[in-house]
Amino acid sequence: MNSEDGRRILDPAQDGAALKALTHPLRLTLLGLLRQHGPATASELAVRTGESSASTSYHLRVLAKYAFVAEADHRDSRERRWKAVHDMTSWSNEAMHRTPGGSVILSVLHRRQIEHLQQSLDRHEADLDSGRLGEEWQEPSGVSDSMPRLTPESLAELWEVFRAKTAELTARDAEDPRAEQVVLFTAGLPLAPDPVAGTDASAAGDAT
């Protein structure tokens, strides 16, 4: 494991247990809340998630075991506070597919992200409807499903450009009081060509 610019980079061959720990939905939720809202106690996170304090405390300890969270400064001595150690977690997809069980873990993590997207969309719409977000956020907000044709090299370059630009704009807006937390979801999912017209794909799929 190493880290750069607030990003923890996991090696699937060495950090398989840590990656597997992240597949639990509550642990991902707790880690996301700490990254988004800052340090909190197990009790505070229990209120946010609707879970018991015993449950959030247990899963926070698991996250701490694998260095995703750590103890933060305490306001008092009654209950420990937790903080996220890094801003984000990443890994090599190629390495994940080479590691036994890695493809399954990757699939679970992707589906957890889709669940987070749905939750974020629900909250975004509720915040706009209630006026907690101003009308100035209506135009730049949205979800895109463009489908460019790219080579593997171009898709990799696009990811790098996106990460660099996001870091640049985040730094620029760090002290701007108008800035709000923005949940960005990106997906680059190449699709193989459809089966040749006339091929009985279902019959081919049923062969054993």
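Reader: Hi! Among contacts between residues at least 6 apart in sequence, what share joins residues at least 24 apart?
Author: Hello! In this chain 56% of those contacts join residues at least 24 apart. Please keep in mind that this is a predicted model.

Reader: Thanks. How many helices and strands are there in the chain?
Author: The chain has 8 helices and 6 strands. Along the sequence they follow the pattern β-β-α-α-β-α-α-β-β-β-α-α-α-α.

Reader: And what percentage of the residues counts as buried?
Author: Of the chain's 208 residues, 23% are counted as buried.

Reader: Let's look at α2. Which of its residues are buried?
Author: Leu26, Arg27, Leu30, Leu31, Leu33 and Leu34 are the buried residues of α2. Around the helix axis they cover an arc of only 160°, so they sit on the same side of α2.

Reader: Why would residues spaced like that point the same way?
Author: An α-helix has 3.6 residues a turn, so residues three or four places apart point the same way.

Reader: Nice. What do the buried residues of α2 pack against?
Author: They pack against α1, β3 (40-41), α3, α4, β4 and β5.

Reader: Take α4 from that list. At what angle do α2 and α4 pack?
Author: Helix α2, residues 25-37, and helix α4, residues 53-65, pack at about 80°, and their axes are 10 Å apart. The two helices are therefore roughly perpendicular to each other.

Reader: Which residues make that contact?
Author: From α2 there are Leu26, Arg27, Leu30, Leu31 and Leu34. From α4 there are Ser55, Thr56, Tyr58, His59, Leu60, Val62 and Leu63. Sorted by class, the contact has 8 nonpolar, 3 polar and 1 charged residues.

Reader: How about α3, at what angle does α2 pack with that one?
Author: For α2 and α3 the angle is about 110° and the axes are 11 Å apart. That makes α2 roughly perpendicular to α3.

Reader: And who is in contact there?
Author: On the α2 side you'll find Leu26, Thr29, Leu30, Leu33, Leu34 and His37, and on the α3 side Leu45, Arg48 and Thr49. By class that contact has 5 nonpolar, 3 polar and 1 charged residues.

Reader: What span should α2 have for its 13 residues?
Author: At 1.5 Å a residue, the 13 residues of α2 should span 18 Å, and the C-alpha atoms at its ends are 18 Å apart, which agrees.

Reader: What comes after α2?
Author: Gly38 follows α2, and its phi is positive, near 90°.

Reader: Over to α4 then. How far apart are its end C-alpha atoms?
Author: They are 18 Å apart, which agrees with the 18 Å that 13 residues should span at 1.5 Å a residue.

Reader: Which α4 residues are buried?
Author: Ser55, Thr56, His59, Leu60, Val62 and Leu63 are buried in α4. Looking down the axis of α4, these buried residues fall within an arc of 155°, so they line one face of the helix.

Reader: And what packs against that buried side?
Author: The buried residues of α4 pack against α1 (16-21), α2, α3 (42-49), β4 (69-71) and β5 (81-84).

Reader: So which exposed residues are on the face turned away?
Author: Ala54 and Lys65 are the exposed residues that α4 carries on the face turned away from its buried side.

Reader: I'm curious about Ala67. Where is that one?
Author: Ala67 is in the loop between α4 and β4. Phi of Ala67 is near 65°, a positive value in a residue other than glycine. Its relative accessible area is 35%, so Ala67 counts as partly exposed.

Reader: New topic: which helix holds Leu121?
Author: Leu121 is in helix α6, which covers residues 102-130. With a relative accessible area of 31%, Leu121 is partly exposed.

Reader: How far is Leu121 from Gly142 in space?
Author: Their C-alpha atoms are 9.2 Å apart, while in sequence Leu121 and Gly142 are 21 residues apart.

Reader: Last one: where does Thr151 lie?
Author: Thr151 lies in the loop between α6 and α7 (152-172). At 41% relative accessibility, Thr151 counts as partly exposed. Thr151 and Pro190 are 39 residues apart along the chain, with 9.4 Å between their C-alpha atoms.

Technical notes: Residues numbered from 1 in each chain as written. Predicted model: local features only at pLDDT ≥ 70, side-chain atom pairs only at ≥ 80, totals over all residues. Heavy atoms only, no water. Axes fitted to C-alpha atoms, helices over the stretch in contact; angles between N-to-C directions. Helix = DSSP H or I, 4+ residues; strand = E, 2+ residues; numbered from the N terminus. Parallel < 35°, antiparallel > 145°, perpendicular 65-115°, else oblique. Contact = heavy atoms within 4.5 Å. Nonpolar A, V, L, I, M, F, W, Y, C, P; charged D, E, K, R; others polar. Expected span 1.5 Å × (residues − 1). Buried < 20%, exposed > 50% of the residue type's maximum accessible area, 1.4 Å probe, protein only. Arc of directions from axis to C-beta.
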